[in-house]
Amino acid sequence: MKVLVIGGGGREHALAWKLSQSPKVQAVYVAPGNGGTARDKDLQNIAITDVIALREWAQAERIGLTVVGPEAPLAAGVVDEFRAHGLRIFGPTRAAAQLESSKAFSKAFMKRHGIPTAAYETFSDPQAAHDYVRAQGAPIVVKADGLAAGKGVVVAMTEDEAHEAIDFMLLDNKLGVTHNEGGARVVIEEFLQGEEASFIVVCDGLQAIPLATSQDHKRLSDGDQGPNTGGMGAYSPAPVVTPQIHARAMREIVLPTLQGMAKDGIPYTGFLYAGLMIDAHGQPKTLEFNCRMGDPETQPILMRLKSDLLDVLWAATEGDGQLEQFEMAWDRRAALGVVMAAAGYPLQPRKGDEITGLPADRADAMVFHAGTQVQEGRVLTSGGRVLCVTALGDSVRAAQNLAYETLRTIRFEGMQYRHDIGFRAVKP
């Protein structure tokens, strides 16, 4: 069959690459794709981003399955549009995608359904928000209520940082947040201590099956320093998610979320990403929900997936409980991905720099493209996170070594990347 992947980042390159390996797939199209998907002989870019135009193209091309990568098309209702015309699509509806597109909706939902999360308040008035921070003190977390491409969260270690973040989000909107109805709002919540992990599941509305665990690195610089970004690297599995914590996350967070969404009349299908904070006692709490696979977690997770991804997503879109019987097979090796970002990232990434020295793809080492484009045969930077160099190894340390060895030849002006991805999982 023909498959369509919507999006143009590193996550979508990895999804399309994995789907193209299925013997049941005749062609994989990526809309709009990037320089990496353009260079892959098994993939084909489609220069369409408008939801209705995409649906019309999918109908004309008889696309058998569409998979939505990023948050913006979900919030724009692409799943509703495709389904209304009888097209099979994997992802949450616009209403269900509010779990990500509105932090205020998500927090109220968790509170209503007893899902463990941080205490919080929501503000649209800057003065009230500043007063709340003064009353609570720091550290404290400030989140933009809207889509911010993974950059709308400030973990303020001082009150001054929190006040600056409030003005940044409510008054200046320098992050380019897509505000929800009612204008700019922020969610301010308690700072949770512990270790973060990414817990991603495939949902069919009632059931969920977990993907391999992973952990990403949000901060720009080594040692978890610098500003929050969309993610500077990730690895899988995440040792912090023990079998006991895994069971608790499914029992206390994932399944109650699916049951709560169904109870509220907005059943959830698609990837569901619960960002977990795991405390010293092994208690997981929900930092946030994303309605998609994470980026860069997707790249190492899919490097480890041995099952046919098409089969998994097909079962999840059948709507007849098939997903419950499905078991995914995973490579016992670890995978680790290092993001190479543009000069000026995360606030003002520079575009148009030529990328040289890209190595050939290997079974155990892949360079997934994100912010790239091909012009006259040259690969150029076109976004903040440019590449994710991902490798497999018998341990996290081995995967780390191969990933850094693989990126050694890659060059572009002003490139920046962390040198310590996976440090929490590497035995000293």
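1. In which helix is Val78 found? Val78 belongs to helix H5 (residues 78-84); helices are DSSP runs of H or I with at least four residues, strands are runs of E with at least two, and both are numbered from the N terminus. Val78 counts as buried because its relative accessibility is 1%, where buried means under 20% relative accessible area, exposed over 50% and partly exposed in between (1.4 Å probe, protein chains only). Val78 and Leu54 lie 24 residues apart along the chain, and 8.8 Å separates their C-alpha atoms.

2. The model is predicted: local features need pLDDT of at least 70, side-chain atom pairs count only at pLDDT 80 or more, and totals for chains, interfaces and linings use all residues. Residues are numbered from 1 along each chain as its sequence is written, and side-chain values use heavy atoms, with hydrogens and water left out.

3. Strand E1 (residues 2-7) is largely enclosed by the rest of the structure, because 6 of its 6 residues are buried. Lys2, Leu4 and Ile6 point one way from E1, while Val3, Val5 and Gly7 point the other way.

4. E1 runs parallel to strand E2 (residues 27-32), and 6 bridges join the two; strands pair if DSSP finds at least two bridges between them. Within this pairing, Leu4 stands opposite Tyr29 in E2.

5. Glu164 is located in helix H9 (residues 159-172). Glu164 counts as exposed because its relative accessibility is 54%.
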